[in-house]
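Work through the exercises below with the sequence and the model open. Each task is followed by a solution in steps.

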Amino acid sequence: MDSITKMVVINSSKLLPSDVVIKLYESNADVLIKETCFGVMVTGERKVVDSLLSTIRKMDPYGIFVKERGFAPGEPYRCRATRRGGARPGFHNLESEDKLLPHIASALRALDKGEIPQIKQKKKKLDIEKLKNIIKGTEVQQ
Amino acid sequence: MKVFIYPTNSLILSDLVERFGHEPLAIMQEVGKKVKSQGLDSPPLNITPEDPKLGLKYAAVEVPSGVRGRMSLFDPLLRNAEAAIVVRDPVISFGCMGCARTNELVNFLLRAKKIPLLELDYPSNEEEAKEFVYKISEFLKSLKPAEEKK
């Protein structure tokens, strides 16, 4: 049996981790569920977890983000309870990306509406000849 | 199609690749195998003497063991990668959480593999995020879906 753990990160104004947990319990699937501050962690057989999370994603397609996790919830080598507190390894990247999730959500919404963003032109670096001319122009004549 | 993502533990990239119908190749899968596989040889991460040998494929023996250890985890991901999405200079790769040499080596190996590669910067505002998501969706649409390949 191929057992996996998936993290469901919720960044939604209309959904709480507790709502997702209730929905997961309602499904009666053979999975282990853990509610966290950022969302939910679900452990179980790959097929079961994938199909379950695809239905959960429909609750708010732009507010639910999913990724796999190597360790199971409560793993003593990662869990804060057994490591005397502090952020667990991997939390910092999650925290830095969590700040971007509202932007990503609105980008996904715009993409579904068929909006094509204007690709920004990269600023060219200052030409060396131009820089030389600027320096010459500002030099004080003696 | 199997898409390698960098940073290899990115939530955003992993989610977007899966959302657009491809399989993300992330480090979490490899860490999971080391933790969950049956018959632990050396807990907690089940790193066996075989693993540094995998790392030796990429880096010489005098290279710091951290690089070889990391490369042993990256090896199956790099071998299976059919396309890649790379975010340039992610914040997480700076400092003690990252390994600059491994990151450079991984980026070099991806380029040397000559697979479809998309390079981006992390967005800092909504406009950049729209461009970020649009570029990823167009890139992933241009790849063959996983089912078609079979």
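Two strands pair if DSSP finds at least two bridges between them; helices (H or I, at least four residues) and strands (E, at least two) are DSSP runs, numbered from the N terminus. The model is predicted: local features need pLDDT of at least 70, side-chain atom pairs count only at pLDDT 80 or more, and totals for chains, interfaces and linings use all residues. Residues are numbered from 1 along each chain as its sequence is written, and chains are lettered from A and ligands numbered from 1 in the order in which they are written.

**Exercise 1.** Find the residue that stands opposite A:Leu32, and describe how the strands E2(A) and E3(A) are joined.

Step 1. A:Leu32 faces A:Thr43, a residue of E3(A).
Step 2. E2 (residues 32-35) and E3 (residues 39-45) of chain A run antiparallel and are joined by 4 bridges.
Step 3. The link from E2(A) to E3(A) is a hairpin through 3 residues.

**Exercise 2.** Is A:Val49 buried or exposed?

Step 1. Locate A:Val49 in helix H2 (residues 46-57) of chain A.
Step 2. Apply the cut-offs: a residue is buried if 20 or more other C-beta atoms, placed from the backbone, lie within 10 Å of its own, exposed if 12 or fewer, and partly exposed in between.
Step 3. A:Val49 is buried, because 23 other C-beta atoms lie within 10 Å.
Step 4. List its contacts (C-beta atoms, placed from the backbone, within 7 Å). Beyond its neighbours within four places in sequence, A:Val49 is in contact with A:Ile4, A:Lys6, A:Val31, A:Val42 and A:Gly44.

**Exercise 3.** Which helix of chain A gives the most to the side that touches chain B?

Step 1. Count both sides: 29 residues of chain A are in contact with 31 residues of chain B.
Step 2. Strand E1 (3-10), strand E4 (64-69), helix H3 (91-98) and helix H4 (101-112) of chain A each supply at least two residues of its side.
Step 3. H4(A) gives the most, with 7 residues.
Step 4. Take one example: leaving aside neighbours within four places in sequence, A:Ile104 is in contact with B:Ile12, B:Ala129 and B:Val133.

**Exercise 4.** Decide whether chain A is spread out or a compact globule.

Step 1. Chain A has 5 helices and 4 strands.
Step 2. Its radius of gyration, taken over C-alpha atoms, is 24 Å.
Step 3. The C-alpha atoms of chain A fill a box of roughly 85 × 45 × 30 Å along the principal axes.

How values were computed:
Two residues are in contact if their C-beta atoms, placed from the backbone, lie within 7 Å. The radius of gyration is taken over C-alpha atoms; the globule rule is 2.2 Å times the number of residues to the power 0.38.
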